[in-house]
Amino acid sequence: MDRWLARIIVAQDRWARPLGDFNHRWLRALFRPMPAIRDLLNGRWLGHPLHGVLTDAPIGILFLVIVLDVLDLRSAADVALVVGILTMLAAAVTGAADYSDTDGTARVRATVHSTLMVVALVVYVASLALRGSSAAGDDRAVAVWTSVVAFLILAAGAYVGGDVVYALGNMVSRHAFRGAGTKWIALEPAERDEAGDIPEGRPVKAKLGINTLALVREGDTVLALHDTCAHAGGPLSEGTIEDGCLVCPWHASKYRLTDGRARRGPTVYDQPAYEVRRTEAGGWEARRRPS
Ligand code: FES
């Protein structure tokens, strides 16, 4: 069954890719000028994607609508439907903020997910309208079945949304499985200046065992973050320095150099930070700062 479902989802790429690219363009243009709103919707203040929190509400509430309809508790079912539609809208707004910084296959799948959710929302609104116009009539059954159909579309959308996160790792910290070892290890900068030192005033890539870091030297102080951006893996060593922070070149997440704290989204996760010191032999070594 899983392969059959996967084939159906992949078959949607033909229409989802161009639609996703189109949606991405206007959503990016919408959210880029208001980073504070985007941060709020991404969930940086929560340290967790807000969309993932809010999506539970409509699914639970809209399932409850079916239960209340079966029990013929009409008013309760109708009120629950209104609340479910409102929570769907809240989840959609937060999802749109995440989507505006989603690329590649994840964007294509997120397009299938969001399209199904929009269709489910429209069908739910139709059910609500039918309920309003047929509260006392036989047409109530049509309204109820309409919301059952909407729930099936919603469940399909949730399935695809789960793939975006669990199979494609969208909005999952790129450092989720990184160990927190704090042993000093020899550091190998990829570049040196004429004096054999780490170049100043721009990020420089360096190897630290199996990890790659982005270094920033200011005089005798060398600050270091992991090179792989926690949001979606962008190379921070190709980013820019801004107000004591490193800015990712891919979607402009901003991390404080001293401790890796996320100062601007779309990342909702902090970046691993490292202490760097000179060795007696004139080289450098580094270790991870405790988070
Ligand atoms: S990869 Fe998205 S902000 Fe760095």
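What you're looking at is a predicted model, where local features need pLDDT of at least 70, side-chain atom pairs count only at pLDDT 80 or more, and totals for chains, interfaces and linings use all residues. Residue numbers start from 1 along each chain as its sequence is written.

Let's begin with the overall layout. Where they touch, 13 residues of domain 1 are in contact with eight residues of domain 2; contact here needs C-beta atoms, placed from the backbone, within 7 Å. On the domain 1 side, helix α3 (residues 35-42) supplies the largest share, four residues. Helices are DSSP runs of H or I with at least four residues, strands are runs of E with at least two, and both are numbered from the N terminus. Sorted by class, that side of domain 1 has six charged (Asp, Glu, Lys, Arg), three nonpolar (Ala, Val, Leu, Ile, Met, Phe, Trp, Tyr, Cys, Pro) and four polar residues (the others, Gly among them).

Now for the sheet. Four strands make an open sheet in the order β5-β6-β7-β8, paired antiparallel; pairing takes at least two DSSP bridges between two strands. At the edges sit β5 (240-242) and β8 (262-264), each pairing on one side only. Zooming in, strand β7 (residues 254-256) pairs with β8 in the antiparallel sense over two bridges, and lysine 254 stands opposite arginine 264 in β8.

Conventions
Two residues are in contact if their C-beta atoms, placed from the backbone, lie within 7 Å.
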